Amino acid sequence: MGAKHLSERSNWQEEARTRGDLGENKVVEALAAWLPSHYRVDLKPPKIQIYSNGKGIVLDAQIYNTQTEKCLFVESKRGDNGGNATEERSYKFATPGMKKAVREVVPDVCDEPFFTIYSGKNFNGNGDQLPYVHQWTTKSGKRQKKTITPADYREKVKTAMYGQNYAIADHEFSNAQEIAQQIMEII
């Protein structure tokens, strides 16, 4: 993407942050409704300091099983307007080094510490998983449009996250019970 193209875009980061927060909250609410009472779900747990300079990572939620005394961190990625940043930013949680670093500083984390949940129109279209057209106006007033194909996004995630803990939330989190079941099998 060229500098001219980037400069003509509106401030998409603010909109993306707002939508992302909404997606994170919806994920936690949907999962909590299907997890038994011995699971505790915390939104935005404290930063996990994994680097020597005190920096670290902040995940969207932590789920703790009081019976097994194990926890799992949840990262929610919502994509609504195409692009590849949504799913590609999540792939770092599938790396052996990131998992090892978290296991070293969080004693009660399970063997596979991360569970990523993808949601939004990139993955579901308008609830039907069919392609849709995203339209926007640049700062200069030019109208742009692009066709988004949810099947392509689902395939990219399936390929990159093979063997990892993840789920793609259906429209309006209608499959929250199945996602909760996946989590209960882990912790």
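**Salt bridges and their surroundings**

E112 is partly exposed, with a relative accessible area of 34%, where buried means under 20% relative accessible area, exposed means over 50%, and partly exposed lies in between (1.4 Å probe, protein chains only). This is a predicted model, in which local features need pLDDT of at least 70 and side-chain atom pairs count only at pLDDT 80 or more, whereas totals for chains, interfaces and linings use all residues. Residues are numbered from 1 along each chain as its sequence is written, and side-chain values use heavy atoms, with hydrogens and water left out.

The partner of E112 is K99, and their closest N and O atoms lie 2.6 Å apart in a salt bridge, that is, a side-chain nitrogen of Lys or Arg within 4 Å of a carboxyl oxygen of Asp or Glu. Because K99 belongs to helix α4 (residues 96–105) and E112 to strand β6 (residues 109–119), the pair ties together parts that are 13 residues apart in sequence; helices (H or I, at least four residues) and strands (E, at least two) are DSSP runs, numbered from the N terminus. K99 itself is buried, at 8% relative accessibility.

Helix α4 also holds both E104 and K100, which are 4 residues apart, about one turn of the helix. Their salt bridge brings the closest N and O atoms to 2.5 Å, with E104 exposed at 56% relative accessible area and K100 partly exposed at 46%.

A further salt bridge joins the side chains of R78 and D80 at 2.7 Å, N to O. Here R78 is partly exposed at 25%, while D80 is buried at 6%. By the salt-bridge rule, the count comes to 8.
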